[in-house]
Amino acid sequence: MKRTALLLALVFACLLCFAACNDGDENAGPVTFRAASYNVHCANTQTELLKGCAEQLNSYDIDIAGLQEVDTDMSFRCPKAMSILTAGPELIHSNFAPTIPIFIGQYGIMTVSAHEILETSRVDLFYGDGMASSDVEPRVLQRSIIEIDGVRIAFYNTHLDFTGEKIDGEVISVTQMREVFETVDADPTPYKIVTGDFNANSFDLFDIFVEDGDHSLVSNPETPLETFPTGNNFRCIDNIIYTHDTLELLASDVVDSPYSDHLMLYADFKVK
């Protein structure tokens, strides 16, 4: 009898434990995160402006952001630029891709994250011979892998050519965008985000992503989000591209501020 009672007690305890585990899974909720794209170029000229950019990024609960036109420490424009942008308290992890030496520092693009960056890589994008110089920067695409609540996300960041020059009959930024698409499309990671200052003259530049059927734009012809208010014509030159079969766009907006000539674009996503 005692042995039977003990066995029943053990079975009851296991059932309670199983029920508690199931309740925990149900209460965990969906995996959500906030991504941003921000060209901080003008802020590089003054330390206080760059501090404003950093405070803005941290105060908006950004999980990961692609930044363009970033100086490292020891550049002549803002001697502590990278330290300011990675001081936190939230965005303390970074992946920097240099493109041009500045004094004894570097200039380029950078991904900052509130989550540990597990993997990094970069692709040097097409530029015609003699195009890249101290005035016209080489262009790169950087990749960072982060994990949020067990979900690995491939996060890309880039800054495309602005010159409008053609090589072999094709505008350089169009060639570069095709390279970005081919790289992202070949990535086996299901959850993918691409941020950048694309220097687009229209939404046509993004057609290669839209027409493949796997990607959507946060800023698009139906819901344009102007990030470059001083632009003469097209003002939606920054964007966030995402895989719509694996990620659901919950909300998006731009943040008006005096810190840079670009405005921060952010978007909230839910993992499907």
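Two strands pair if DSSP finds at least two bridges between them.

**Ground rules**

I am working on a predicted model, where local features need pLDDT of at least 70 and side-chain atom pairs count only at pLDDT 80 or more, while totals for chains, interfaces and linings use all residues. Residues are numbered from 1 along each chain as its sequence is written, and side-chain values use heavy atoms, with hydrogens and water left out.

**Entry 1: the whole chain**

I started with the inventory: the protein chain has 5 helices and 14 strands. Next I checked burial (buried means under 20% relative accessible area, exposed over 50%, partly exposed in between, with a 1.4 Å probe and protein chains only). Of the 272 residues in the protein chain, 50% are buried.

Then I looked at contacts, meaning heavy atoms within 4.5 Å. Among contacts in the protein chain with a separation of 6 or more, 69% are between residues 24 or more positions apart.

The surface came last. Accessible areas come from the Shrake-Rupley method with a 1.4 Å probe, and for residues only the protein chains shown count as cover. The protein chain exposes about 13100 Å², and carbon and sulfur atoms supply 53% of that.

**Entry 2: the sheet with E1**

In which order do the 6 strands of this open sheet come? I read E3-E4-E2-E1-E14-E13, with mixed pairing. The edge strands are E3 (93-102) and E13 (247-255), and each pairs on one side only. On average, neighbouring strands here are turned by 15° against each other, direction ignored. For angles, axes are lines fitted to C-alpha atoms (for helices over the stretch in contact), and the values run from 0 to 180 degrees between N-to-C directions.

A reminder to myself: strands of a sheet pair through backbone hydrogen bonds, either parallel or antiparallel.

I went along the sheet pair by pair. E3 and E4 are antiparallel and joined by 9 bridges. They form a hairpin with 2 residues between them, and Phe103 in the turn has a positive phi of about 55°. E4 (residues 105-113) also runs antiparallel to E2 (residues 64-71), with 6 bridges. There I found Ile64 bridged to Ser113, and Leu67 has Met110 as its partner in E4.

E1 and E2 run parallel and share 5 bridges.

Helix H2 (residues 47-59) lies across E1 (32-39), E2, E13 and E14 (264-271), and runs at about 165° to E1.

**Entry 3: a nonpolar patch**

Which residues form a nonpolar patch on the surface? They are Met74, Phe76, Phe103 and Ile104, with about 510 Å² of accessible area together. Patches are made of residues with over 30% relative accessible area and no salt bridge, with like charges joined within 9 Å and nonpolar side chains (Val, Leu, Ile, Met, Phe, Trp, Tyr) within 5 Å. A salt bridge, in turn, is a side-chain nitrogen of Lys or Arg within 4 Å of a carboxyl oxygen of Asp or Glu.

I zoomed in on Met74, which is found in the loop between E2 and helix H3 (81-85). Its relative accessible area is 42%, so Met74 counts as partly exposed.

**Entry 4: the sheet with E5**

I found another open sheet of 6 strands, ordered E5-E6-E7-E10-E12-E11 with mixed pairing. E5 (117-124) and E11 (215-217) stand at the edges with a single partner strand each, so one side of each has no neighbour in the sheet. Neighbouring strands are turned by 20° against each other on average, direction ignored.

At the E11 end, 3 bridges join E11 to E12 (residues 238-243), and the two run antiparallel. Ser216 has Tyr242 as its bridge partner in E12.

**Entry 5: helix H4 and Ser173**

H4 lies across E5, E6 (140-148), E7 (151-159), E10 (192-197) and E11, at about 160° to E10. I picked Ser173, which is found in H4 (residues 172-186). Is Ser173 buried or exposed? Its relative accessible area is 9%, so Ser173 is buried. Leaving aside neighbours within four places in sequence, Ser173 is in contact with Leu160, Asp161 and Leu205.

Methods:
Helix = DSSP H or I, 4+ residues; strand = E, 2+ residues; numbered from the N terminus.
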